[in-house]
Each structure stands twice: as C-alpha cells, then as structure tokens.
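Here are my notes on this one, written as numbered points. Have the model open while you read them.

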Amino acid sequence: MNALCRSLHLPTSLILARGFRTTTMSLNLSLPPSPDAVVLQKRHLRSRMRRLLRQDFPPHLRRAEDAAIQRHVLESSWYKSSSRLCAYVSCEALREVDTSRIVYDILQEEHLELAKKLYLPRVQDKASHMQMLRVVNLQHLQANSMDILEPTEVDENGIPLEDVMQATEPVDLVLVPGLAFDSAGHRLGRSGGYYDLFLKNYLSLTEERGWKCPLIVALAYSVQLLDDSVPVHIHDMPMDALVSASGVFPISELALEQM
C-alpha cells in the first residue's frame, strides 16, 4: 500500500490549534496491549462516548457544531476540487455529525456537466461488508431495518446502482463518521468494522490500478476529540484528517499536501 497515503505527521502546533485539549505529548515505549485488552478498552470507550453524546451534549450545541463542520467542508478547496466522493447519510438516532447540507449540495447539481459523483454506504451483511453505491437523487435512498437511510440496490428502471469498487475512475475524498478520534487520526467506530474493511479494500484497489489515494476525512464533534489515544487493532484504518467545529485538522502527509 502506498506509504505516503497513510504516513502520519503530528506537529504539536496543529494539535493545539485544531481543538484538541491535549497540551503535552509523551512517548510511550511500553508494549502494546493485547488484542483482548484492546477489545475491552474499545467497549468501555464506546459506552462512555454514547453516554456523553446522549446526556452531556445538548441539541443546541450539536446543531451549532453540525452547521460549522459542514460549512468547513463545503467552503474548503479540497471539497470544491473533488469530482467523486464517498460520504454517508447521517443518522439522528446515532448522533452522527450531520451531512444533509453536503449531500444536498451534491445532489442539487447532479444535472450539471461537472457535477460531483456521490457514493453512499449500503450494508450488505453482518460480516462487515458494505458497498458504496452511486446516488443521483433522494429517490435512490430508503430506510433499512435500523431506520438508517441507504441506497437502493437498483434505480427506478431496475438498473443496479454503480458500486464504487467497479467504477472506472477513483474517488478523491471519503467522509467518515465515528464515535471518537485522537490527534493521530485513530478512529473508534461502532464495532461493526464496516468502514475499516471498506477502506482497506478500496485502498488496495487504488494500489492495484495505480490510482491516487483518496483523502479520508472524519467529521467529529468537539466532545469526540480525545485527550488520550483511541485503542486500536492492526486492522483499524487511520484518518488523513479530522474536521470539527473549530476547523480542519490535517494529520497525514497526504492531508498536509492537499489541505
């Protein structure tokens, strides 16, 4: 896999400037925790983050941060210059960062010659398999068994929606949700492993085809930015950058080049 795409760069000035509460960074030379210990750490952190989002993050603050985060994305040069991107339809019940303005911004221009191509997630099974299917209008979305909007398998004419893994051109940008993030770009998901597996497979595809790696950007509320490190397994995919209400936080070399 292209090392440049995933290499991390952690200037302390950026950590302090982008809304993280961390004031010092210590070098931990101890042995990494066992896989079982990481599972327990993740489980505990997920419970803590769900409780925090539910009880200690009032709706008016969440709405304000939703607006600020989407504004940072929509006004950025890296979003404006993207031609094809993967995103997600935010779920109110899961308290994900809202993406409705971003999705609407793309779909309302679908008829234009230079419109962006938008791919949205559709869960395939309980084994962490997820497709990213191209959506051109809201009629291509339907609620799944968990009441989360996702693409239909076929359009109104019965034609299968384009899967990004079968597309002939690469995406420039991937917008990702999550429960918690740290200053190294580590992400805590909701335990399904869907985004980690999709990103792993898609980055392998870009390498096979000699494509440029997409910019992987997580959208995060201020309360989701942790002082401590997020516990990770070897298969957990790091983010290139984070966007919070306080601004854009580039992490990888790829992000530092493009943001």
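This is a predicted model: local features need pLDDT of at least 70, side-chain atom pairs count only at pLDDT 80 or more; totals for chains, interfaces and linings use all residues.

1. Overall layout. The chain has eight helices and 11 strands, taken as DSSP runs (helices H or I of at least four residues, strands E of at least two) and numbered from the N terminus. Residues are numbered from 1 along each chain as its sequence is written, and side-chain values use heavy atoms, with hydrogens and water left out.

2. Burial and contacts across the chain. Of the 259 residues, 49% count as buried; that means under 20% relative accessible area, with exposed over 50% and partly exposed in between (1.4 Å probe, protein chains only). If you take contacts between residues at least 6 apart in sequence, 72% of them join residues at least 24 apart, where contact means heavy atoms within 4.5 Å.

3. Helix H4. This helix covers residues 59-74, and its 16 residues should span 22 Å at 1.5 Å a residue, which agrees with end C-alpha atoms 22 Å apart. The expected span here is 1.5 Å times one less than the number of residues. What sits over them?

4. Helix H7. Here we have 16 residues again, reaching 23 Å from first C-alpha to last, close to the 22 Å expected at 1.5 Å a residue. Buried in H7 are Tyr194, Tyr195, Asp196, Phe198, Leu199, Tyr202, Leu203, Leu205 and Thr206. After the helix comes glycine 210, with a positive phi near 70°.

5. Aromatic pairs. How many turn up in a search of the whole structure? Two, using rings of Phe, Tyr and Trp (its six-membered ring) with centres within 6.5 Å; planes under 30 degrees apart are stacked, over 60 edge-to-face, and the rest tilted. Phenylalanine 198 and tyrosine 202 make a stacked pair, 5.9 Å centre to centre with 20° between the planes. The two are four residues apart in H7, so about one helical turn separates them. Both phenylalanine 198 and tyrosine 202 are buried.

6. Threonine 206. This residue is in H7, which runs over residues 194-209, and it counts as buried at 1% relative accessibility. A polar atom of its side chain lies 2.7 Å from the backbone oxygen of leucine 203. Not counting residues up to four places away in sequence, threonine 206 touches Trp211, Lys212, Cys213 and Pro214.

7. Histidine 140. You'll find it in the loop between strand E3 (130-135) and strand E4 (141-143). Is it buried or exposed? Histidine 140 is buried, at a relative accessible area of 4%. Its side chain makes a polar contact with the side chain of glutamate 156 at 3.0 Å, and also reaches the backbone nitrogen of valine 136 at 3.5 Å. A polar contact is a pair of N or O atoms within 3.5 Å; within protein, one must be able to donate a hydrogen and the other to accept it, and residues adjacent in sequence count only if both atoms are side-chain atoms. Beyond its neighbours within four places in sequence, histidine 140 is in contact with Arg134, Val135, Glu150, Pro151, Thr152, Asp155, Glu156 and Leu161.

8. Cysteines. Cysteine 86 is buried at 0% relative accessible area, and cysteine 91 counts as buried at 8%. The disulfide count is zero, with a disulfide taken as a pair of cysteine sulfur atoms within 2.5 Å.

9. A charge over a ring. Lysine 116 lies over the face of tyrosine 79, at 4.6 Å from the ring centre. The rule asks for NZ of Lys or CZ of Arg within 6 Å of the ring centre and within 35 degrees of the ring normal.

10. Positive phi values. Most residues other than glycine have a negative phi. Arginine 95 has a phi near 55°; it lies in the loop between strand E1 (84-86) and H6 and is partly exposed at 24%. Serine 191 has a phi near 90°, sits in the loop between strand E8 (187-188) and H7, and is exposed, with a relative accessible area of 56%.
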